[in-house]
Amino acid sequence: MKVKLDDIERDIWAVWYESPVIKMIDQRLLPEKVEIIEIRNPEELFAAIRNMAVRGAPSIGAAAAYGIAQAKELDYDLDKAAELIKSSRPTAFDLFYAVDYVMRHKDNAVEFAHKYVKSIVEKSRKIGENGEKLIESGQKILTHCNAGALASVDYGTALAPIRIAHNKGKKPFVWVDETRPRLQGAKLTAWELLQEGIPHNVIADNVAGFLMRRGEVDMVIVGADRIVANGDFANKIGTYEKAVLAKENKVKFYVAAPISTFDFSIKNGDKIPIELRGEDEVKKIGERFISPAGSPAYNPAFDVTPHRYVTGYITEYGVFQYSDLSKLKEFKEAES
Ligand code: MRU
């Protein structure tokens, strides 16, 4: 992705490895500041994933893959490092898939971590190509959270088809859900779209129904943190209600994700572990309380959308219906 760093425009990934240091854009500081942070050991990586300096399922997976490579280069106990890294966040499946993948090839951990991350970038590009075909000229697309280059090392998952449609002159317009409580839409998706010159409006989280009823949304595209065998999927809290609204208003609803996000070991969405985060994310904006400090808050980070709301799954292997997902399982097995 193109970013201005020290006044120079550079094309960088959200996460990369300069042996033995993992580097990443600190996503907590955007859109005010583009700053690169350096991760020097598994403990620092655990903190960076937990506190969301790096976030978004495929980017978390990339950071974790490099985490094993780094642990190997620094002579850490690899099993302990893998366990620590995996305990950083519970929902995004890419984290577990990436760690297990590099651990299976631990004798050549650096080589396989690079291979893994390059493949994520390539998969994101293909998701863009496959999804772009679904977008017609001038369509208005609603997205939730950030499933852009920041979340997926480069290109994005949900944003990749939109980027390519824009580059082909299809003039897509994006409704960007602000995505409380951490505001990944307002902060990160809006920032990415602005960098690329893609027309968009940021909207409060409760605007989508209003727009859909008025015929102002042609399609919803979201990313995913974990898609299970029957097609149910976990994504940022608020996704489920957008899916229900889309069905009610006959708006197409697509999920974009690489196969590293698919967890075929779980039969349905009820079994997906859902991360609960701290109360202050809800009660504060920045350093300022917007609720009484004494009020308790409840903060699930993800919800589960049943497969019946999904028009199609946009993957690097094409666009699938939920009834065809078992084909992807074969592709995934062949890749591992
Ligand atoms: O808590 P986050 O910001 O890591 O959650 C990320 C999401 O839920 C994204 O919306 C996403 O679709 C998955 S990453 C492409």
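Which residues in H5 meet which residues in H6? On the H5 side they are Ser-124, Arg-125, Ile-127, Gly-128, Glu-129, Gly-131 and Glu-132, and on the H6 side Ala-160, Pro-161, Ile-164 and Ala-165, with contact meaning heavy atoms within 4.5 Å. Sorted by class, this contact has five nonpolar, three polar and three charged residues; Ala, Val, Leu, Ile, Met, Phe, Trp, Tyr, Cys and Pro count as nonpolar, Asp, Glu, Lys and Arg as charged, and the others, Gly among them, as polar. The model is a predicted one, in which local features need pLDDT of at least 70 and side-chain atom pairs count only at pLDDT 80 or more, while totals for chains, interfaces and linings use all residues. Residues are numbered from 1 along each chain as its sequence is written, and side-chain values use heavy atoms, leaving out hydrogens and water.

As for geometry, the axes of H5 (residues 109-132) and H6 (residues 159-167) come within 7 Å and cross at roughly 65°. Axes here are lines fitted to C-alpha atoms, for helices over the stretch in contact, with angles running from 0 to 180 degrees between N-to-C directions. Helices (H or I, at least four residues) and strands (E, at least two) are DSSP runs, numbered from the N terminus.

Turning to the rings, there are nine aromatic pairs in the structure, a pair being rings of Phe, Tyr and Trp (its six-membered ring) with centres within 6.5 Å; planes under 30 degrees apart count as stacked, over 60 as edge-to-face and the rest as tilted. The Phe-173 and Trp-175 rings have centres 4.9 Å apart and planes at 80°, so this pair is edge-to-face. Phe-173 is buried at 19% relative accessibility, and Trp-175 is buried too, at 11% (buried means under 20% relative accessible area, exposed over 50%, partly exposed in between, with a 1.4 Å probe and protein chains only). Elsewhere, ring pairs tie Tyr-97, Tyr-101, Phe-112 and Tyr-116 into a cluster.

Most residues other than glycine have a negative phi, and most peptide bonds are trans. Ser-19 and Pro-20, however, are joined by a cis peptide bond with omega about 0°, and Pro-20 sits in the loop between S3 (15-18) and S4 (21-25). Another cis bond, with omega about 5°, joins Leu-30 and Pro-31. Asp-75, although not a glycine, has a positive phi of about 65°; Asp-75 is exposed, at 71% relative accessibility. Lys-171 likewise has a positive phi, about 50°, and is exposed at 65%.
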